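I opened the model and kept short notes. The entries below follow the order in which I looked.

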Amino acid sequence: GTSMGSVIGGLYASGMGGAQLERMALSMDWERLFSDKTDRQDQFFTQKKNEGNALFEFRFRNGRIDIPTALISGQLLINFLLQQTLFADVRAGFDFDSLPRRYRAVATDLVSGRSVVLRQGCLAEAMRASLAVPFVFTPFEINDRKLIDGGFRNILPVDVATQMGADLVLAVDIRPRLYTEKELKNPLTFIDQVVAICLLNQEGRSVRDSALVMTPVLGDHFSLDFRGIEALIRAGEKVATDCLPAIRQRLALLSPTDPSLGQDTMIVQGIKINHLKNVPYDDVFARFGIHPEDRVTAALLRQNACRILAAGSFDSVWVEVRSTAMGVLVELNVHERPPLESVEIAGNTVFSKEEIRDAFALKPGMPMNPVAADNGVDAIQAMYHDRGFTLCSATWKKKGGALRLTLREGRIDTLLVKGNTETNEMVILREIGLRKGTLFTTRQMVADIRSLYATGLFVQVYVTLEETDPTGRLQLIIHVREKAYESIMLGLRYDTIRMLEGFLRFGTHNLAHRGYAMNGTVQYGLTREKYLLTLRTDRILYTFLSSEGNLYYYRDRKYVVDPLDSTHFTYNTLRKLGGLFSVAHQILKIGKLSWVFLLEHYQSSRENGDLGDILNYQGLRVFSLRAEFDTYDSPYFPKKGFKLYSSGDLGLDIIGNHDSFFDFTLTYSGAWTPFKGQSFLPAVFVSLADVSLPEPEKNYLGGPTELRMNDDVVLFNSFPLFGYPEQSFTGEYLLTLSLSYRTDLPGPFFLYFHGNLGNAWRNDAFYWKDFPGNFLDESYKGAGVTLAADVPKFGPIRLTASKPLMLKEAEEKKKFSETYYFSMGYDF
């Protein structure tokens, strides 16, 4: 097959039937399959906290900009193909002629331009290479050759099938439909059009004289359109049904004349079966399929006798016919195979010998039936496969009266890494659970590939297997294609609070060949600026410990207007210079437990008025113990999961010049989608402190910004309270409860409805015994509505209108009124 035909042909050759292929086609998320996006559940927690928020990213290799050769690498596609075909590869010894159905894949050599016919190796590799549509999928490398879609040289490889010895070739020609001028709307449609034109240029190939070509009518479906799969299947069935007369006609020309034509028929008067010992008479009679009074020919008798021989219980079967006055007497003579004396089992470690003997249909005392032995082998392999050991194979060999059953359970003997030129092998092998001596499972293979790909170090990751010797020892080969690791990223966002701001980030993602990330960030805006140097490792050696160090200088200037006198305004300014260092233990890729030390100098106009020399700023020394979890399926518009942040911060006066303090913070936000397109988003924020906190450690309520976990080096900790301006309330005790409802609109749009209540208390005004009643009565309540859009590559866009509710004091009614908030771009 060529291109998508190679995929269908490869899956069929691996042993799949038509019904399986149809179920797969209808259940598959094809748009997801043709994507390279990493699932958040595969990322380490540290990676989730540093998800891409750039508008543009430029990668560099050896000082030169690295330009991608295609839109995607096909990572999820080859993962899927490996899952479906790896077992067939091993069973066939990686020889396509030994598959359940013989197979060839056709690709094109990108360098020489010649057609390449792939006859052996890994099925998934062959299919992926043949499907490498230029500009859509990156070229695929096999044996040092860069291969692309085979359709550019041989779109309908009838000649390849003929060379394989086929007497009749049935070909399916899927002609690409060209876009009209109005339909050419984006780069993808332009690419699809160029490829289609190149393929249509081969229509003149003289294949129709040597093959029966079927061309389904697909209507308005384009190559990149994965809708209406069932209608496409029905179109294929229709053209195949219409071709059945022509197929039968071709087969009739190839079939020899039936020797039974013209023979006289005989009426069976009786049937006798001779020489039976252990095989039940009824089983043989039923398989023979001929009864008294039946009309038969000599050819039919021979055919049915061969059916009994094929059952395997006999090593010879012959038929004698004796004439009688009323017809014929049929004597069926059989010679039973000798009985099996014993079954010996070797190579089993997963199941006991008793369990394997129970699954093996052939028992001692039964005739040595090779068909029953083969069926028993299939049953044992199915037993292993049900437990996930998909590479297990069993063979049997007769020795005297004994049968020796040998199992190859699919144990990994050696590991080999290919394609890593800049990444240390340790970084790759620590993500692989299939180690030397372990049994191969498809589930573990998929988990290993996803885990390695999620490191962000590679464009493509996949595995193949090779048998290292005749005993069935397997070598697991891990193939990687590395990214360019140096990068420059640019980001830009606007909101009505911070106004316009942008950042420039530059660094490397693979420092010292160990996967360490080191980058510098310059962020500048109308109200704040940041200069940050970061060194981060997601894993320390083979452990699940991570570490991060930050050196930073921040400045934030907030413009505050007196709500009672719009002519009066002030600037609140905060400057910070310091470092933050953390060591964390990651928990199942969904969270981490961190030990953090903060060393900082700061100066705030709220505390000190005039800002002097930064070296004379206030000192801040904080030790923190933090627990953080993130199971969201999407960082900005989640449908399921939750985020949890809790931190105990201990500020010491042993070095700095501030009072000691203790602060506990807990934030939670969740997403629950009981119905498609309808989500509920609850959120809670709690803060408890023993004294009035220094300015950088204070928590504030107010503003419409979405609840997110604290960044490690934020300027202000501000948490949302719809209906009130940003940083409206602060105190030693804070509590906010909120609930949002989100409904999906057509396209990338969402509509939110928010409701919340919260309050802040000073130490001297908070009493635990009065808290429940006072909170409901005295809390500030608000509501809001948000129209949002998820714009790929640009980031979310939000427009929020909110209003305070149930205000009691006249001064508060003057101070707080409707607020409007607009933002566009990723948060940073």
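I began with serine 3, which sits in the segment before α1 (4-13); helices (H or I, at least four residues) and strands (E, at least two) are DSSP runs numbered from the N terminus. Its phi is near 55 degrees, a positive value in a residue other than glycine. Serine 3 is buried at 16% relative accessible area, where buried means under 20%, exposed over 50% and partly exposed in between (1.4 Å probe, protein chains only).

The model is predicted: local features need pLDDT of at least 70, side-chain atom pairs count only at pLDDT 80 or more, and totals for chains, interfaces and linings use all residues. Residues are numbered from 1 along each chain as its sequence is written, and side-chain values use heavy atoms, with hydrogens and water left out.

I then looked up leucine 541, in the loop between β24 (528-537) and β25 (545-562). Its phi is also positive, near 55 degrees. Leucine 541 is exposed, with a relative accessible area of 53%.

Next I turned to an open sheet of three strands, in the order β15-β17-β16, with mixed pairing; two strands pair if DSSP finds at least two bridges between them. β15 (342-346) and β16 (393-399) are at the edges with a single partner strand each, so one side of each has no neighbour in the sheet. β15 and β17 (residues 402-408) run parallel and are joined by five bridges. Isoleucine 345 stands opposite leucine 405 in β17.

Last, I checked for disulfides (a pair of cysteine sulfur atoms within 2.5 Å). The count is zero. Cysteine 243 is buried at 14% relative accessibility, and cysteine 306 is partly exposed at 49%.
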